[in-house]
Amino acid sequence: RELLSDKYWIQLLQNSPSSLAVWAQIEYNLFTGSISKLRNILDGSNIPKDHKCKLSMYLAKSLNVRNEPGESLHLLSACESGEQNAEYLYLTAEALLMQGAVDSARQVLTKIILENSHEPFSEKARILLSVTGRKPL
């Protein structure tokens, strides 16, 4: 699984050496547990906006797993509105739930279900919404 993930990122970022270098730094710091350095890596990078958003979502997912919702939400703010897809919204909802902002998270989950019904994250949103105590749509 890790090998496939690495291959995906290398292929995605192969035309941008600076993006590839940022991804490598992220991987190293995740591996070593240097969570405090992660924000600076992306904030200080000069990489294409779409790469920055994809890497921010990748990193936010890892931070959500490590129960770092504040950092996760900060990184997700790097994505512009046009890049805020169902995965972005789902990661945002997860982080909001971890922070205790249940009503805000429910609004985001409902938005995923209503606006992205064809996405796999729509079903994940239904499940997460049902766990938060409200009947899913």
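Me: How do you know that the span of helix α6 (residues 86-98) agrees with its number of residues?

Reply: This is a predicted model, and the check is made on its C-alpha atoms. Helix α6 has 13 residues, and at 1.5 Å a residue they should span 18 Å. The expected span is 1.5 Å times one less than the number of residues. The end C-alpha atoms of α6 are 18 Å apart, so the two values agree.

Me: Which residues of α6 are buried, and what do they pack against?

Reply: The buried residues are A86, Y88, L89, Y90, L91, T92, A93, A95 and L96. They pack against four helices: α4 (49-65), α5 (69-76), α7 (102-115) and α8 (120-131).

Me: Why is T92 called buried?

Reply: Buried means under 20% relative accessible area. T92 has 12% relative accessibility, so it counts as buried.

Me: What does the side chain of T92 meet?

Reply: A polar atom of the T92 side chain lies 2.9 Å from the backbone oxygen of Y88. Leaving aside neighbours within four places in sequence, T92 is in contact with L73 and L76.

Me: What makes helix α1 (residues 2-13) and α2 roughly antiparallel?

Reply: Their packing angle is about 155°, with the axes 9 Å apart. Angles over 145 degrees count as roughly antiparallel, and α1 and α2 are therefore placed in that class. On the α1 side the contact is made by D6, W9, I10 and L13, and on the α2 side by S19, L20, W23 and E27. The crossing of these two helices is right-handed.

Me: Why is α2 called roughly antiparallel to helix α3 (residues 35-43)?

Reply: α2 and α3 pack at about 175°, and their axes are 9 Å apart. Against the limit of 145 degrees, that angle makes α2 roughly antiparallel to α3. V22, Q25, I26, N29 and L30 of α2 make the contact with K37, L38, I41 and L42 of α3.

Me: What makes N29 buried or exposed?

Reply: N29 is in helix α2. Its relative accessible area is 7%, and the limit for buried is under 20%, so N29 is buried. Its side chain has a polar atom 2.8 Å from the backbone oxygen of Q25. Not counting residues up to four places away in sequence, N29 touches S34, K37, L38 and I41.

Me: Why is P17 called exposed?

Reply: P17 is found in helix α2 (residues 17-32). Exposed means over 50% relative accessible area, and P17 has 63%, so it counts as exposed. P17 and I47 are 30 residues apart along the chain, and their C-alpha atoms are separated by 9.1 Å.

Me: How do you know that N67 is exposed, and where does N67 lie?

Reply: N67 has a relative accessible area of 52%. The limit for exposed is over 50%, so N67 is exposed. N67 lies in the loop between α4 and α5. Its phi is positive, about 60°, although N67 is not a glycine.

Definitions and conventions. Residues are numbered from 1 along each chain as its sequence is written. This is a predicted model: local features need pLDDT of at least 70, side-chain atom pairs count only at pLDDT 80 or more; totals for chains, interfaces and linings use all residues. Side-chain values use heavy atoms; hydrogens and water are left out. Buried means under 20% relative accessible area, exposed over 50%, partly exposed in between (1.4 Å probe, protein chains only). Contact means heavy atoms within 4.5 Å. Axes are lines fitted to C-alpha atoms, for helices over the stretch in contact, and angles run from 0 to 180 degrees between N-to-C directions. Angles under 35 degrees count as roughly parallel, over 145 as roughly antiparallel, 65 to 115 as roughly perpendicular and the rest as oblique. A crossing is left-handed if the near helix is turned anticlockwise from the far one by less than a right angle, and right-handed if clockwise. A polar contact is a pair of N or O atoms within 3.5 Å; within protein, one must be able to donate a hydrogen and the other to accept it, and residues adjacent in sequence count only if both atoms are side-chain atoms.
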